[in-house]
Amino acid sequence: MQITINDYNLQNLETFTQILKKDASTLINEALEFYFQEQQKKLLQKNIADENALTNLDYDEFWEGVEIE
């Protein structure tokens, strides 16, 4: 696998390795973990929104006419 990092991100990586006193691999792994968590949240929210779009009935409309004895 070959990964290319643009100049801006490379400069930030070098800066933050010094500030946080962590090696570049650790910072990259932490950043990727954060990124993947955020993407999973977005996908979950999208799936929930898509499921909610399947019904356009509100609570009252859904239960209208149902009698519980």
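**Figure 1. A salt bridge between Asp 50 and Lys 46 in helix H2.** Let's start with Asp 50, which is partly exposed, with a relative accessible area of 39%. This is a predicted model, and in it the side chain of Asp 50 meets that of Lys 46 in a salt bridge, at 2.9 Å from N to O. Both residues lie in helix H2, four residues apart, and that spacing is about one turn of the helix.

**Figure 2. Lys 41 and Glu 38 pair up in helix H2.** Here's another salt bridge, with 3.3 Å from N to O between the side chains of Lys 41 and Glu 38. The two sit three residues apart in helix H2, about one turn of the helix. Glu 38 has a relative accessible area of 26%, so it's partly exposed. Lys 41, at 47%, counts as partly exposed too.

**Figure 3. Glu 30 meets Lys 22.** Side chains of opposite charge can pair when their charged atoms come close. In this view, the side chains of Glu 30 and Lys 22 form a salt bridge, 3.0 Å from N to O. Glu 30 counts as partly exposed, at 35% relative accessibility, and so does Lys 22, at 34%. How many salt bridges does the structure hold? There are three.

**Figure 4. Tyr 35 and Phe 36 form an aromatic pair.** A pair of aromatic rings is described by the distance of the centres and the angle of the planes. The count for this structure comes to one aromatic pair. That pair is Tyr 35 with Phe 36, whose ring centres are 5.6 Å apart, with 65 degrees between the planes. Why call it edge-to-face? Because the angle of 65 degrees is over the cut-off of 60. Tyr 35 is partly exposed at 44% relative accessibility, and Phe 36 is partly exposed at 47%.

**Figure 5. A look into the largest pocket.** The largest pocket holds about 430 Å³ of space. It's lined by 15 residues, and those closest to its centre are Ile 5, Leu 13, Leu 27, Ile 28 and Ala 31. Helix H1 (7-20) and helix H2 (24-53) are the elements that each give two or more residues to this lining. Which one gives the most? That's H2, with six residues. Sorted by class, the lining has 10 nonpolar residues, four polar ones and one charged one.

Definitions and conventions
Residues numbered from 1 in each chain as written. Predicted model: local features only at pLDDT ≥ 70, side-chain atom pairs only at ≥ 80, totals over all residues. Heavy atoms only, no water. Phe/Tyr/Trp six-rings, centres within 6.5 Å; stacked < 30°, edge-to-face > 60°. Buried < 20%, exposed > 50% of the residue type's maximum accessible area, 1.4 Å probe, protein only. 1 Å grid on protein atoms, 1.4 Å probe; cavity = no way out; pocket = protein on both sides within 12 Å on 5 of 7 lines; lining within 4 Å. Points joined across faces, edges and corners; volume = space filled by probe spheres on them. Nonpolar A, V, L, I, M, F, W, Y, C, P; charged D, E, K, R; others polar. Salt bridge = Lys/Arg side-chain N within 4 Å of Asp/Glu carboxyl O.
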